[in-house]
Amino acid sequence: MTLRSVIIGTGTALPARRVSNAELAQTVDTTDEWIVERTGIRFRHLAGPDETTSTLATDACRAALAAAGAEADDIDLIVLATATPDQTFPATATKVQAALGINVCVAFDVAAVCSGFLYALQVADSMIRVGAHRRALVIGAETFSRILDWEDRTTCVLFGDGAGAIVLEGQESDEATGRGILATRLHADGRHNELLYVDGGPSTTGTVGKLRMKGREVFRHAVVNLAEVMQETLAVVGLTSADVDWVVPHQANARILDATARKLGLAAERVVVTVDQHANTSAASVPLALDTAVRDGRIKQGDLLVLEAMGGGFTWGAAVVRF
Ligand code: COA
């Protein structure tokens with residue numbers, strides 16, 4: 001037996017306002033046809049004035065706790081991945097902690113943009129496996145609509161807002177067949193900062209700034225990096241893509257999902273796709289996709305999952321999980 005972090009509950013929250021490509025085309029110089037053909041996106045949810053990263057995250061946590069049959073007081077660690085915190089500080093994780101009424105707990109944010117959830121997962125998993133914590137909320141939550149340049153049609157049609165959360169619990173698990181996070185691998189390459197970034201920040205312009213992206217370049221790197229890191233992470237535990245029941249990818253673009261699956265020889269039916277409904281929700285996209293497939297009955301206990309993501313930095317990573 002070995003101590004592993006087991007996912008015991010998942011939950012999500014989306015802003016009330018759901019915007020179609022056609023609605024977007026009323027104010028942005030674009031068309032439904034262009035967006036669907038190039039990205040697979042049909043809808044995105046956009047936060048209203050009362051919806052923030054922390055309110056969405058808190059709602060997602062409540063849903064995940066309910067699914068786990070756990071109480072907020074059972075949680076002793078909150079790791080929240082975001083690139084769109086409510087404020088520069090305090091950490092949005094502490095706002096979630098306060099909203100959930102957890103008085104004794106470790107809570108902090110992780111910034112790795114679209115890979116943030118994978119980074120947060122490895123951090124929480126490590127803290128659980130060294131015995132420092134027993135139950136964690138791991139959250140990906142974003143309000144990218146607040147950092148989009150709505151005059152730039154090459155980026156503003158691609159992103160949406162939302163939050164996803166999981167409850168991780170340390171459990172003694174059978175080495176060969178047991179549930180839990182089996183392996184994680186993370187990477188970063190700061191030479192590519194200028195391909196995907198925000199042109200502001202507290203220490204540079206003193207403003208929040210807007211998202212800027214060289215989409216084509218990002219696309220090229222994404223397919224190569226994601227296929228490699230999935231294979232690398234599976235190899236850590238002696239598995240291959242043939243063993244995988246479900247890939248739960250970062251939802252940036254349907255064409256990236258297709259190309260990555262092809263590179264790994266994975267059937268398209270094994271890939272959870274939500275980009276059509278949510279667009280790219282950055283750190284929220286992997287837990288949003290995971291919860292969607294858990295709730296609709298596709299992902300079942302015991303299934304072998306590969307979670308993967310890539311984002312600004314670049315940062316990228318993958319996790320192999322026996323659900
Ligand atoms: N509506 C209509 N036309 C648009 C448009 C829009 N929203 N955005 C761009 N175009 C136009 C461009 O102006 C260009 O026109 P031109 O040929 O007359 O100059 C044309 O469409 C092609 O633009 P291009 O940027 O070359 O398209 P593309 O095929 O590379 O697709 C992306 C653009 C952004 C969809 C694609 O590059 C992509 O998905 N990249 C990865 C982005 C990503 O996943 N980022 C997040 C990673 S975490």
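Residues are classed as buried when their relative accessible area is under 20%, as exposed when it is over 50%, and as partly exposed in between (1.4 Å probe, protein chains only). The structure is a predicted model, in which local features need pLDDT of at least 70 and side-chain atom pairs count only at pLDDT 80 or more, while totals for chains, interfaces and linings use all residues. Residues are numbered from 1 along each chain as its sequence is written, and side-chain values use heavy atoms, with hydrogens and water left out.

The protein contains 10 helices and 13 strands, taken as DSSP runs (helices H or I, at least four residues; strands E, at least two) and numbered from the N terminus. Its radius of gyration, taken over C-alpha atoms, is 18 Å, close to the 20 Å given for 323 residues by the globule rule (2.2 Å times the number of residues to the power 0.38), so the protein is as compact as a globular protein of that length. The C-alpha trace spans about 55 × 45 × 40 Å along its principal axes. Of the 323 residues, 54% count as buried.

An open sheet of mixed pairing is formed by five strands in the order β1-β7-β6-β4-β5, two strands being paired if DSSP finds at least two bridges between them. Strands β1 (2–13) and β5 (106–110) stand at the edges with a single partner strand each, so one side of each is left without a neighbour in the sheet. From one strand to the next, the twist averages 20°; axes are lines fitted to C-alpha atoms, for helices over the stretch in contact, and angles run from 0 to 180 degrees between N-to-C directions. Strands β6 (residues 135–143) and β7 (residues 161–173) run antiparallel and are joined by nine bridges. Within this pair, alanine 141 stands opposite alanine 163 in β7.

Helix α3 (residues 53–68) packs on the sheet, touching β1, β4 (77–81), β6 and β7, and its direction makes about 120° with that of β1. Contact here means heavy atoms within 4.5 Å. Helix α4 (residues 92–100) lies across β4, β5 and β6 and runs at about 140° to β5. Its buried residues are Thr92, Ala93, Val96, Gln97 and Leu100. These cover an arc of only 150° around the axis, which puts them on the same side of α4; the arc is that of the directions from the helix axis to the C-beta atoms. Their cover includes α3, β4, β5 and β6. Glycine 101, with a positive phi near 75°, follows α4.
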